[in-house]
Amino acid sequence: MERATLAQREHRLPLEDVIQRPSGMWFIVGTVCFGAFMAALDASIISIALPKLEQAFHTTMNRIEWVSLIYLLALAGCIVAFGRLSDLIGRRPMYTLGFGVFIVGSALCGASWSLASLLAFRVLQGIGASLLQANSVSIITAAADAERRGQAIGFQALAQGLGLSLGPLVGGVLTHIASWRLIFYINVPVGILGTLSALLFLPRDRREGPRPRFDLVGALVLACLLIVTMYVLKEGFTPESRPTITAVLLAVAVLATALFIFIERKADPALVPISYLREPLIWMGNLTSVLSFSVMYAITLVVPYWFVHIEGLSSAKAGLLLTALPVGMALCTPFAGRLADRWSKVKVSALGMVLAAIGAAGLFAFTRTTPAFLAGLFLVGCGVGTFTPANNARVMNATPGPHLGVAGGILNMSRTLGMGVGVTAGGVSVELFTAAFGAHDVALAYRCSFLVAAALALIALGLTLLPQGRSQAGK
């Protein structure tokens, strides 16, 4: 018996005694937030460096935008598959591998010698980010008890939201003091710290019985579906797009969806169990997640143009004023998670979308950058920050234990799709309203795009309040 005990101790993690304590959950949450912030930051940090990259590689803005897009494509295309693999292989090794891949991809991006090489390395970086984001929610769900799960997920959502929102500001500072290469190199030491934290604090996965096979065909079809969808959202509705190509790609997306459903019904085990998606709370929660992030990103896209082109502010001041949104998100997210644990998650989610709708409508109401306009930005951040942890906790609480990985992957995929929907909604609405009002009233076109964001928030509010199945876990 003593020998068995000694052998068990030899195989324990260095700090496993710490993380098994009631307060040890926060070491796990902190590690996950570390990776979530880093992966999300890199999704948006590149935007401020695009003009520098355009000059460095002597190319056009239309081509250089792929540096941002291809990262999101890799992230969205792999995230659900990696979530499922984490259920089969283990969340700790997949998460730690994510740090390693991200570090290598970041170092290679910083050393890029051409646009083609940078694009290739951004794919590698996106795969590493996908490994991190696919596992983040599921690791926290498994580690946190039901009474503190909403609060824990709230901190994870805060880390992601801050990463996405602060990316342009951080990128601007780094490119100003050094060069665009620093925004990639900085990930190397930070990623090493994250890897050490994962090795020390993330608990080992305990599994019994044979390991089920992985649905590779379903994963490839889903990746194709997501990549085509993201491409159409980004490029299919611009003035330069060709309607015929857009129609063909939409048809491919529809066929890929039908094929994926057919494959998943036959697969054993399925990548995404159809029975799991039949639960209204599950798919409705993911749909409202898409809408909530589309509200945030439609506004994040349009407001800087408002500051610069309408108000005549400098880029530095515009970036500073835009931080009103992430500040609102940062302040509300952890409190919303705790409130969701003690109150109704439906009511907290609904409150978030009410705040976001009021904030977006306020941006329309005020014609100049005033404290009231900044208050509108702040309210949008508060709204998304309030909605996200409560909504995510509802979905994860309704998810059976064996599907936590794929559920977390789908939630993170929803956020990525919401980014694409938001950018498309903001850009297309400005173009359409400009065409309708004429070039002499561009300011009104910008303001009306804020109403589109408010409408998206109201749609998310309505869907949140709909009855969503028998599950009590998500209430």
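**From surface patch to core**

Helix α11 (residues 187-201) contributes the most to the nonpolar patch, with five residues. Helices here are DSSP runs (H or I, at least four residues), numbered from the N terminus. The model is predicted: local features need pLDDT of at least 70, side-chain atom pairs count only at pLDDT 80 or more, and totals for chains, interfaces and linings use all residues. Residues are numbered from 1 along each chain as its sequence is written, and side-chain values use heavy atoms, with hydrogens and water left out.

The patch covers about 560 Å². Phe-34, Ile-186, Val-190, Ile-192, Leu-193, Leu-196 and Leu-199 make it. Nonpolar side chains (Val, Leu, Ile, Met, Phe, Trp, Tyr) are joined within 5 Å. Areas come from the Shrake-Rupley method with a 1.4 Å probe, and only the protein chains shown count as cover. Ile-192 lies in α11. Its relative accessible area is 43%, so Ile-192 is partly exposed (between buried, under 20%, and exposed, over 50%).

Now go inside. A nonpolar core is a set of buried Ala, Val, Leu, Ile, Met, Phe, Trp, Tyr and Cys residues joined through side-chain atoms within 4.5 Å. The largest has 100 residues. Tyr-95, Val-295, Ile-299, Val-303, Phe-307 and Leu-377 touch the most other members. Helix α15 (residues 280-310) supplies the largest share of this core, 15 residues. A second, separate core has 17 residues, including Ile-70 and Phe-184.

Last, helix α13 (residues 243-266). Its buried residues are Thr-246, Ala-253, Ala-256, Phe-260, Ile-263 and Glu-264.

How values were computed:
Buried < 20%, exposed > 50% of the residue type's maximum accessible area, 1.4 Å probe, protein only. Helix = DSSP H or I, 4+ residues; strand = E, 2+ residues; numbered from the N terminus. Patch = residues over 30% accessible without salt bridge, like charges linked within 9 Å, V, L, I, M, F, W, Y side chains within 5 Å. Salt bridge = Lys/Arg side-chain N within 4 Å of Asp/Glu carboxyl O.
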